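Hi,

Here is the structure I said I would pass on. Have a look at it first, and my notes follow below.

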Amino acid sequence: MAEDNLGRYKMVVIGGSAGSLEIILKIVAALPQNSNASFVIVIHRKNEPDSILRNLLAGRTQLSVKEVEDKERIIPGTVYLAPPDYHLLFEDETAFSLDASEKIHHSRPSIDVTFESAADVYGAALIGILLSGANADGSNGMKRISENGGHTIVQESSSAEVSFMPQQALNLIKPDSVLNGNEIGSYLKNIL
Amino acid sequence: MIIDRFPSFAEFIYRVKSDSTYLTRLVEELTVNVTEMFRDPSLFKAIREQVLPVLGTHPFIRIWHAGCATGEEVYSMAILLEEANLLKKSLLYATDLNASVLENIKKGIFPLNQMKQYSENYILSGGKKDFSKYYTAKYEWAKFDEKLKSKMIVSTHNLVSDRSFNEFQMILCRNVLIYFDKNLQDKVLTLFDDSLEKLGFLVLGSKENLRFTSVAQKFQQLDVKEKIWRKII
């Protein structure tokens, strides 16, 4: 990746479903401490009142990890987690917004909703990462990110615990990188 | 609107401006009407254990469900009140901007295929009974006990333009404020403040907060885990 790309990205959106948690933990552990980017994780999960997932992620990084609340401000160098039972969208580059409408692909949060919204707000300053999962959520979002000039990374379906979701994206777009799940963290560190 | 296939945006605007029934339809299509029974069961458990014992000390209980959509939350609350033996002295005011969804509350009929989920939520909320005793199943639908409905007052109300219409001991407005910007949120929260008795309860959605709002100083959160505030001034 060319040197002049450094600092170009302001937002990294990461989507995963079944079989993605382990990779997400690895990526979070590898996140650089000093980048200007913010990170958003959308993972399909059950609605549980206690933030077990937030605590799990917070244990892997020095960066602050927050589950997004209504109108939450976007601060660089922060890891945001989409809250269960809401769709997560971007109001603009400074704030999130939440939506409680219908599930998409049987999912709330839906990866497509967050990725498409991020693509519209951040354009070429966005990196989208789609990981292991058992449904088609995320591929339309990856397509929008790609169309708007963002950088797309799809987990190699052979390395994914459940290959359906990354494969759906690979059927729809030609991503900038197709990586083994274990390589995504260090790759990301290099381009941020 | 895509669904009505207008040939141009100008024609769409003309229709909205000239045809008031079409404006109503537009509002009905644009507003979000998704809800479920006992959504966030731990919240209902907190209401059961921490709020209803306080409300029970009043001779008469008035509760406002602001932005109630198709009414699942109102029926959930009626069940809680019934189980606390308080329904007989309660009135539940259910309001929404969208008149068409309110018809559903008056009917008390909900899709049968949701009942498994609602029954699980009910048990997690501390419910001890057999949830199916509250409804009669017929084909694809579950019709809820008339007794629950008998204490509901259903009406349209616009949170942005309509004023306070009563004084309540409790107001629930969950996942409505997320669609408003900060100024509008402050305006609506002032309306709630004006409509709540002193020491009344305000309940918001699980990711909504009174922090940083214009009424924050007047309310105290009951328990850090649940979005229930008590009016202290």
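In chain A, strand E1 (residues 11-16) and strand E7 (residues 126-130) run parallel and are joined by five bridges. Within that pair, A:Val13 has A:Gly128 as its bridge partner. (Strands are DSSP runs of E with at least two residues, helices runs of H or I with at least four, both numbered from the N terminus; two strands pair if DSSP finds at least two bridges between them.)

Before you go on: this is a predicted model, where local features need pLDDT of at least 70 and side-chain atom pairs count only at pLDDT 80 or more, while totals for chains, interfaces and linings use all residues. Residues are numbered from 1 along each chain as its sequence is written, and chains are lettered from A and ligands numbered from 1 in the order in which they are written.

Both strands belong to an open, parallel sheet of seven, ordered E3-E4-E2-E1-E7-E8-E9 (chain A). Strand E3 (64-67) and strand E9 (177-179) of chain A are at the edges with a single partner strand each, so one side of each lacks a neighbour in the sheet.

Chain B has an open sheet of seven strands too, in the order E6-E2-E1-E7-E8-E10-E9, but its pairing is mixed. Its edge strands are E6 (152-156) and E9 (219-223) of chain B.

As for how the chains meet, 12 residues of chain A are in contact with 11 of chain B (C-beta atoms, placed from the backbone, within 7 Å).

Cheers

Technical notes: Two residues are in contact if their C-beta atoms, placed from the backbone, lie within 7 Å.
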